[in-house]
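Please look through the sequence and the structure below before reading on.

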Amino acid sequence: MKILVTGASGQLGSTFKSIASQGQAEDLEFVFKSSSELDITDFDAVHEELVSSNYAYCINCAAFTNVDKAESENDLAYRINVTGARNLAMNCNESSTVLIHISTDFVFDGFLNTPYLEEDIARPIGFYGDTKYKGERAIINNLEEHFIIRTSWLYSEHEHNFMKTMLKLGAERDELSVVYDQVGTPTYALDLAHVVLHIIKAHSIDYGVYNYSNEGVGSWYDFAKEIFQQYKIDINLKPIRSEEYPTPAERPKFSVLDKSKIKNTFGLQIPHWKDSLAVALKAYSRINI
Ligand SMILES: NC(=O)c1ccc[n+]([C@@H]2O[C@H](COP(=O)([O-])OP(=O)(O)OC[C@H]3O[C@@H](n4cnc5c(N)ncnc54)[C@H](OP(=O)(O)O)[C@@H]3O)[C@@H](O)[C@H]2O)c1
């Protein structure tokens with residue numbers, strides 16, 4: 001089975017690359033395309049790639065992911081997250097390719113205080129979330145054979161993410177302040193990647209929108225605290241409110257995702273975020289000895 005991975009040099013794309021290089025998905029033939037090899041905003045290039053090759057699946061890991069920069073770089077964020085998603089959907093439709101697209105908890109406003117269901121109203125409060133939601137709609141309107149997986153707080157040993165930022169700051173500073181009034185669930189990219197492969201290997205036709213994160217709940221402060229504790233970094237960590245750490249983009253205060261649909265549909269058992277963090281930190285240590 002031939003699988004196209006777009007945005008292959010990013011965090012999630014690199015995770016799929018490492019799975020493939022370790023021979024953990026030998027029955028699948030991956031074709032990895034970085035942004036310079038396949039620009040998803042270029043309709044003709046996407047058409048050429050998808051229609052000339054016989055891909056069973058396209059996993060879209062390409063996105064404009066800088067939440068703060070999206071507030072000022074509106075056009076670029078829209079082109080990548082909306083036009084790019086539409087280009088993939090239209091060409092997947094023509095080439096009979098199933099599209100697996102990754103979306104975000106930032107499609108929600110964060111005003112609920114119970115975990116978000118897939119059918120809860122999406123009301124993004126920032127431009128990034130807005131483009132990601134419009135990207136979802138562009139896929140749904142152009143392609144029946146799609147899986148849209150909304151995830152949250154993605155981290156791993158690859159590329160840039162919160163875990164690696166904390167480890168870097170932990171090595172440089174004695175004291176650090178992290179917000180404790182934004183609550184969600186960290187998600188290890190390797191767990192998400194395995195779920196995507198599980199859906200592919202199951203040849204599922206249960207198309208639609210799914211939530212996926214690790215189990216459990218925490219604030220960014222809790223996440224940082226656990227990283228420092230597990231990695232044995234001694235640092236004075238202070239919980240602060242979002243107002244004390246102003247950013248160009250507002251973030252949802254509560255973005256815990258209800259994962260019942262993906263668990264029931266695919267028979268999944270999801271690891272708790274603290275257990276997955278231990279796995280990620282081990283992988284990070286192996287790379288950074
Ligand atoms: N990171 C999170 O916390 C988080 C949370 C929830 C959901 N998500 C979603 O999860 C997915 C994967 O995120 P990630 O953390 O792996 O992001 P990432 O590390 O920023 O990777 C995104 C990749 O997309 C590529 N890209 C940008 N513009 C492109 C274009 N026009 N054509 C092709 N590729 C392009 C980037 O390449 P360049 O570097 O060359 O620009 C980069 O390699 C995204 O859909 C994101 O919205 C992420």
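## Helix packing and the ligand shell

The buried residues of α5 pack against β6, β7 (175-179), α7 (220-230) and α9 (273-287), where helices (H or I, at least four residues) and strands (E, at least two) are DSSP runs numbered from the N terminus, and contact means heavy atoms within 4.5 Å. This is a predicted model, in which local features need pLDDT of at least 70 and side-chain atom pairs count only at pLDDT 80 or more, while totals for chains, interfaces and linings use all residues. Residues are numbered from 1 along each chain as its sequence is written, and side-chain values use heavy atoms, with hydrogens and water left out.

Helix α5 covers residues 162-172, and its buried residues are F162, M163, M166, L167, L169 and G170; buried means under 20% relative accessible area, exposed over 50%, and partly exposed in between, with a 1.4 Å probe and protein chains only. At the start of α5, a side-chain oxygen of N161 comes to within 3.1 Å of the backbone nitrogen of M163.

Helix α4 has 16 residues and reaches 22 Å from its first C-alpha to its last, which is close to the 22 Å expected at 1.5 Å a residue, the expected span being 1.5 Å times one less than the number of residues. Its buried residues are Y128, G129, T131, K132, G135, E136, A138 and I139, and what covers them includes α3 (74-95), β4 and β5.

In the loop between β5 (146-151) and β6 (154-155) lies S152, which is buried, with a relative accessible area of 1%. A polar atom of the S152 side chain lies 2.7 Å from the backbone oxygen of T185.

Of the 23 residues around the ligand, L12, S35, T65, Y128 and K132 come nearest, where near means that a heavy atom of the residue lies within 4 Å. By class, this shell has 11 nonpolar, 10 polar and 2 charged residues. β4 gives the most to the shell, with 3 residues.

| Protein atom | Ligand atom | Distance |
|---|---|---|
| G10, backbone N or O | oxygen | 3.0 Å |
| Q11, backbone N or O | oxygen | 2.8 Å |
| D39, polar side-chain atom | nitrogen | 2.8 Å |

Taken alone the ligand exposes 900 Å², of which the protein buries 78%, with areas from the Shrake-Rupley method and a 1.4 Å probe.

Key: A polar contact is a pair of N or O atoms within 3.5 Å; within protein, one must be able to donate a hydrogen and the other to accept it, and residues adjacent in sequence count only if both atoms are side-chain atoms. Ala, Val, Leu, Ile, Met, Phe, Trp, Tyr, Cys and Pro count as nonpolar, Asp, Glu, Lys and Arg as charged, and the others, Gly among them, as polar.
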